[in-house]
Amino acid sequence: MIVNKVDVVIIGAGASGLMCAATAGYRGKSVLVLDHANKAGKKILMSGGGRCNFTNMDASPKHFLSSNAHFCISALRRYSPQDFVDLVDRHGLEYVEKTPGQLFCEHSAKDLLAILLTECEWAGVTIQLNTNIEQVEDIPTDTNSEQDSLHSVKRIHTSNGIIECDSLVIATGGLSIPTMGATGFGYKVAEQFGLTVLPTRAGLVPLTLQPSDKERFAELSGVSSDVTASFNDTHFTEPMLFTHRGLSGPAILQISNFWTPGHPIFINLIPQQDIKAQLIQLRQDSPKATLEKWLTKQLPKRLVQVLVEENEWQGSFSELSNAKIDRISEQLSNWIIKPNGTEGYRTAEVTLGGVDTEFVSSKTFEAKNVPGLYFIGEVLDVTGWLGGYNFQWAWASGYAAGQFV
Ligand code: FDA
């Protein structure tokens, strides 16, 4: 049996795995990155519409969901968005700030992936693709010394042979977009070694509508409007998009992280105005003008048509009673939608839940009960909002673990 030995094996050549690999490589460690895909960083390439929203300058712990809200603090502090910007600046990457704080590649996500691969090359990292991982074993080292008795090597059986390492890093991400190589591998390894995996669900994902609503809004597919989407105490003011399956766009993707099935979400269709005060003022100033005409100045025309027809909002402002103004403003500012579900992992950007961080050191990312086993990136129960936060988590957790493997 031929067994190759390296200091560090990282399973997953995605964002966190490549960052961890380069960091460990620069420390002089021999690092082998394994991935079953035929290409490294596939999600980086498809992210941000092909231009990768690679960080958010405002990233802070409040932008992350986890059952252990404090877990992400240390790593985010030790590797900031500015640290990542300094890295890409050293490579001359051209980037743009689209929405405040959100940095995207100016040209293509390929440029960002090339930087990570270059860093790995400079750090002496070996990346082995098209490699299936069959089994992971913990082999205790043959020693009597008390200190060494805590140590073991990890033996990884792959389709391309057996490898042993002192540190094994699981960077296999979440379950979203299975066609891009996502698997539940990391969760299985966690369970194999006695770590708890918290229930997972699709996050940053379009919401589907009940069949009756789907029919009502069928002709609105493709219409986008700036709204405030709310669920409980969480609100996001961003564009919402009607699709042929339901609702999407940044406002909906953001709120999907917080939504729980069976409950309604609330949409303020004209968030920038006090609608009731505005309608009362218009009734006084322009009694002959119509609500429909005013609405077309605030909202996409096709959406206005559906709202006016459904609610019988034809007529001039002078015809509006106070009670009707109350109803109209309520319907516009507190539009209630009870989603049917989500589009699931097929289109989700991230996976909520995952490896329970209670079992992982927030300093080193090593499993507390399994020396030499590390979990980083999205496989952990840490999920960012939309807007570059998830990549910042991948860089920060990868960098932190890379210091200790
Ligand atoms: P990542 O998924 O990047 O990498 C995991 C790697 O493990 C993959 O290469 C995979 O092939 C490999 N792997 C999985 N199972 C394996 C197995 N059994 N054996 C071997 N290898 C295995 N975030 C953001 O901040 N800004 C953005 O613009 C976007 N945009 C975006 C768009 C879309 C469409 C998606 C799906 C996601 C985003 N994201 C995002 C989220 C972001 O892509 C995600 O959070 C990070 O890629 C997570 O990095 P990881 O390294 O944890 O996993």
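## Ligand surroundings and domain contact

In this structure, a nitrogen atom of the ligand is 2.6 Å from an N or O atom in the side chain of T183. The model is a predicted one. The ligand is surrounded by 32 residues, and the closest are S16, D35, T183, E378 and F391. An oxygen atom of the ligand is 2.6 Å from a side-chain N or O atom of D35, and an oxygen atom of the ligand is 3.5 Å from a polar backbone atom of G388. The table sets out these distances.

| Ligand atom | Protein atom | Distance |
|---|---|---|
| nitrogen | N or O in the side chain of T183 | 2.6 Å |
| oxygen | N or O in the side chain of D35 | 2.6 Å |
| oxygen | polar backbone atom of G388 | 3.5 Å |

The protein is divided into domain 1 (3–202 + 344–402) and domain 2 (207–342). Twelve residues from domain 1 and ten residues from domain 2 take part in the contact. The C-alpha centres of domain 1 and domain 2 are 40 Å apart.

Between them, domain 1 and domain 2 bury about 880 Å², with 49% of this area on carbon and sulfur atoms. On the side of domain 1, R201, W385 and L386 lose the most area to domain 2, and together they account for 49% of what that side buries.

On the side of domain 1 that touches domain 2, β11 (197–203), β19 (350–355) and β21 (383–384) each supply at least two residues. The residues of that side divide into six nonpolar, three polar and three charged.

How values were computed:
Residues numbered from 1 in each chain as written. Predicted model: local features only at pLDDT ≥ 70, side-chain atom pairs only at ≥ 80, totals over all residues. Heavy atoms only, no water. Domains from an automatic or database assignment. Contact = heavy atoms within 4.5 Å. Buried area = accessible area lost by both parts, 1.4 Å probe. Helix = DSSP H or I, 4+ residues; strand = E, 2+ residues; numbered from the N terminus. Nonpolar A, V, L, I, M, F, W, Y, C, P; charged D, E, K, R; others polar. Near = heavy atom within 4 Å. Polar contact = N/O pair within 3.5 Å; in protein donor to acceptor, adjacent residues only side chain to side chain.
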